[in-house]
Amino acid sequence: SLSDGIGVHKTQKKLMAGLKQVARLGMLKAVIGLGLPKIHYAKVPKDIELIHSGHYPLWNKNIPWVMELEQVTQLTWFNRRLFDLKRNKHFFEKLFSSPPCRGILCWTEAAEKSLEKGLNCENFKEKIHVVPLTIEAPPPTRRVFDGKRLNLFFLATTFFEKGGVETLLAAEEASKSYNVHLYMFSTVPPLLRKKYESNPNIHFVEAKNRSELIDFYKKADVFIMPGHFEAFGYVFLEAFSYGIPCISTDGYASEEIIEDGVRGKVV
């Protein structure tokens, strides 16, 4: 409504946010199209002695830096075609061998293996370290499972990539024979939501804030996310912190994070 100044302001903010997102996506497509690697120059105060980069290799030559590594194709925007270009591989081998690069902190052993298989690490092998991610644990939760009803919890921002379809199909099949309820927190496509919302055992849920999301963790018996590709799976750590076992698919780091038969099941 044009008569509602606040409404116009909110609409403008949403529009600007949308335009910025489109611009960022356009720039990213252009970068990938040109075959450019992922690199960043960090502007820092003069008295800084070491830079820690969360996701970018750095162009800084006068200040030592370390970076985190989720998976080696992260270096080329998770685009394998760009990573396999010889000039990009040579660029990163030279960059990591340079004195300013002091460390590559791999989230998992799988990340370390992907780096060693993807690049010639001979000149910087001593800089590679596995530093597992951690989260702050909440107060201990005493969990009681009565064996009568099983609550599954699926949480993912990307529905298809994280195995949302497979989770719905499995929950639908299981609910025919068992008292299994699925609570799905994700961007479910409207057609799929409409198809499954009539099933009393499948619930599409939303959370207004962080505390409401935590309530779902506390009510869940099993966390499930059978992703097609999962470089780490931060949500697994969150589930573990509330004493919930996890079900995921094999490959990459899932078997490293979910000890099969102990912390959950890898299928």
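Visitor: What does buried mean here, and what are exposed and partly exposed?
Guide: Buried means under 20% relative accessible area, exposed means over 50%, and partly exposed is in between, with a 1.4 Å probe and protein chains only. This is a predicted model, where local features need pLDDT of at least 70 and side-chain atom pairs count only at pLDDT 80 or more, while totals for chains, interfaces and linings use all residues. Residues are numbered from 1 along each chain as its sequence is written, and side-chain values use heavy atoms, with hydrogens and water left out.

Visitor: Is Glu238 buried or exposed?
Guide: Glu238 counts as buried, at 11% relative accessibility.

Visitor: Which residue forms a salt bridge with Glu238?
Guide: Arg210 does, and the closest N and O atoms are 2.6 Å apart. A salt bridge is a side-chain nitrogen of Lys or Arg within 4 Å of a carboxyl oxygen of Asp or Glu.

Visitor: Which parts does that pair tie together?
Guide: Glu238 lies in helix H8 (residues 234-241) and Arg210 in helix H7 (residues 210-219), so the pair ties together parts that are 28 residues apart in sequence. Helices (H or I, at least four residues) are DSSP runs, numbered from the N terminus. Arg210 is partly exposed, with a relative accessible area of 44%.

Visitor: Why can such side chains pair at all?
Guide: Side chains can pair when they have opposite charge and their charged atoms come close.

Visitor: How many salt bridges does the structure hold?
Guide: There are 6 salt bridges. One of them joins Arg80 and Asp84, with the closest N and O atoms 3.5 Å apart.

Visitor: Which residues are linked in a network?
Guide: Arg80, Asp84 and Lys89 are linked by salt bridges. Arg80 is partly exposed at 44% relative accessible area, and Asp84 is partly exposed at 41%.

Visitor: What about Lys265 and Asp260?
Guide: Their side chains meet in a salt bridge, at 3.4 Å from N to O. Lys265 is partly exposed, with a relative accessible area of 42%, and Asp260 is partly exposed, with 40%.

Visitor: New topic. How many disulfides are there?
Guide: The count comes to 0 disulfides, a disulfide being a pair of cysteine sulfur atoms within 2.5 Å. Cys121 is in no disulfide, and the nearest cysteine sulfur, that of Cys106, is 8.7 Å away.

Visitor: And is Cys121 buried or exposed?
Guide: Cys121 is buried, with a relative accessible area of 8%. Cys101 is also buried, with a relative accessible area of 0%.

Notes
Helices (H or I, at least four residues) and strands (E, at least two) are DSSP runs, numbered from the N terminus.
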